[in-house]
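Subject: Structure for your review

Dear colleague,

Please find below the structure that I am handing over to you. My notes on what was found in it follow.

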Amino acid sequence: MTAAAPIIVDWASATHPGLRRRSNEDSHIAQPPLFLVADGMGGHAAGDVASGIVVAECARLTAQSSVSVDQLQSALTRARVRVEQVGGAGRPAGSTLTGVAVSDVDGVGYWLIANVGDSRTYRLADGRLTQITVDHSMVQELIASSRPDLAARTARNVITRAIGAGSDGIADIWMIPATPGDRLLVCSDGLTSEVSDDLIATILTSTTDPRSAVTHLMSAALHGAAAVDEPPAGGRDNITVIVVDARDVSLSEEDEDTAPGTRWGGAQRVRPVASSSTSWGMGQGESPHLGKDSSR
């Protein structure tokens with residue numbers, strides 16, 4: 001008999017190749033207890049394979065109600081080994097990974113966050129949107145070193161950490177206590193390179209269900225700054241969006257936040273890494289995939 005999930009969620013997801021790419025190198029999984037997005041690198045012959053490997057290894061954990069740090073670390077280690085065996089066009093394949101898993105500490109519901117690369121996970125709580133993950137990118141490193149002048153002239157797609165792609169692929173992993181009403185956004189940079197955090201926050205706060213939020217976010221990423229009656233101005237990259245709502249959470253009186261820098265934060269990193277995942281093509285006659293967890 002499967003144990004009751006420590007967090008009961010509603011969710012929706014969608015992925016799109018964008019308007020300028022022939023293939024979609026994003027892979028994702030949106031099935032309790034896992035909500036992950038992987039963005040492949042290495043060209044269409046290898047990038048989609050790499051991201052698919054990462055998601056497939058993690059997907060082995062979907063038969064259970066929650067995921068532990070050790071289980072996620074093991075999945076990333078297996079994935080890393082497999083991704084390093086993939087290559088295309090004379091260069092190594094690789095993938096980013098970001099997302100959230102339902103986890104627990106002594107039966108209390110926690111979000112287990114993982115990130116490597118420049119895909120992102122956000123949390124909307126009490127009307128405030130916070131980027132939980134920190135980009136592993138050259139732009140972010142320049143900003144952190146107080147060089148915004150150089151950051152403005154640096155290509156956004158230059159990442160400093162990945163699963164495979166010649167990187168040692170260290171992932172940040174940490175946990176934060178979940179709260180009823182939490183809304184999490186997991187996305188590839190195809191969304192964040194087209195849509196500002198302010199607009200993302202507006203969409204997430206003004207939509208009542210995950211399906212509507214995903215639809216509006218995808219539309220914003222594809223439409224860009226164009227007027228309604230103009231051709232789409234966005235969609236320069238593959239776009240994947242997952243929105244997860246916490247409907248019910250097992251709580252305790254003394255929840256502990258282990259954001260980066262504390263118990264499972266950036267201080268303890270994971271040897272991560274990297275066949276195909278389900279994709280739902282917006283704009284191709286398909287609606288976002290919608291899910292409800294009814295395990296309670």
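**Overview**

The protein has 7 helices and 16 strands; helices (H or I, at least four residues) and strands (E, at least two) are DSSP runs, numbered from the N terminus. This is a predicted model, in which local features need pLDDT of at least 70 and side-chain atom pairs count only at pLDDT 80 or more, while totals for chains, interfaces and linings use all residues. Residues are numbered from 1 along each chain as its sequence is written, and side-chain values use heavy atoms, with hydrogens and water left out.

Of the 296 residues, 53% count as buried. Buried means under 20% relative accessible area, exposed over 50%, and partly exposed in between (1.4 Å probe, protein chains only). The accessible surface of the protein comes to about 12900 Å², and 48% of this belongs to carbon and sulfur atoms; the areas come from the Shrake-Rupley method with a 1.4 Å probe, and for residues only the protein chains shown count as cover.

**The nonpolar cores**

In soluble globular proteins, nonpolar side chains tend to be buried together. A nonpolar core is here a set of buried Ala, Val, Leu, Ile, Met, Phe, Trp, Tyr and Cys residues joined through side-chain atoms within 4.5 Å. The largest such core has 31 residues, of which L34, L72, L76, L97 and L112 touch the most other members. Two or more residues each are given to this core by β3 (34-41), α1 (47-59), α2 (69-83), β7 (97-105), β8 (108-116) and β12 (171-177). The largest share, 6 residues, comes from α2. A second, separate core of 21 residues includes L217, A221, L222 and V241.

**Helix α7**

At the N-terminal end, D209 caps α7, with a side-chain oxygen 3.1 Å from the backbone nitrogen of R211. Just after α7, G224 takes a positive phi of about 65°.

The buried residues of α7 are P210, A213, V214, L217, M218, A220, A221 and L222. They pack against β1 (7-16), β13 (183-187), α5 (189-192), α6 (197-206) and β14, where contact means heavy atoms within 4.5 Å.

**N238 and E25**

N238 lies in the loop between α7 and β14 (239-249). N238 counts as buried because its relative accessibility is 2%. Which backbone atoms does its side chain reach? The side chain of N238 reaches the backbone oxygen of P17 at 2.8 Å, and one of its polar atoms lies 2.8 Å from the backbone nitrogen of E25. A polar contact is a pair of N or O atoms within 3.5 Å; within protein, one must be able to donate a hydrogen and the other to accept it, and residues adjacent in sequence count only if both atoms are side-chain atoms.

E25 is in the loop between β1 and β2 (26-31), and is buried with a relative accessible area of 11%. The C-alpha atoms of E25 and N238 are separated by 7.0 Å, although these residues are 213 residues apart along the chain.

**Cysteines**

A search of the whole structure finds 0 disulfides, a disulfide being a pair of cysteine sulfur atoms within 2.5 Å. C58 counts as buried at 0% relative accessibility, and C187 is buried with a relative accessible area of 0%.

Yours sincerely
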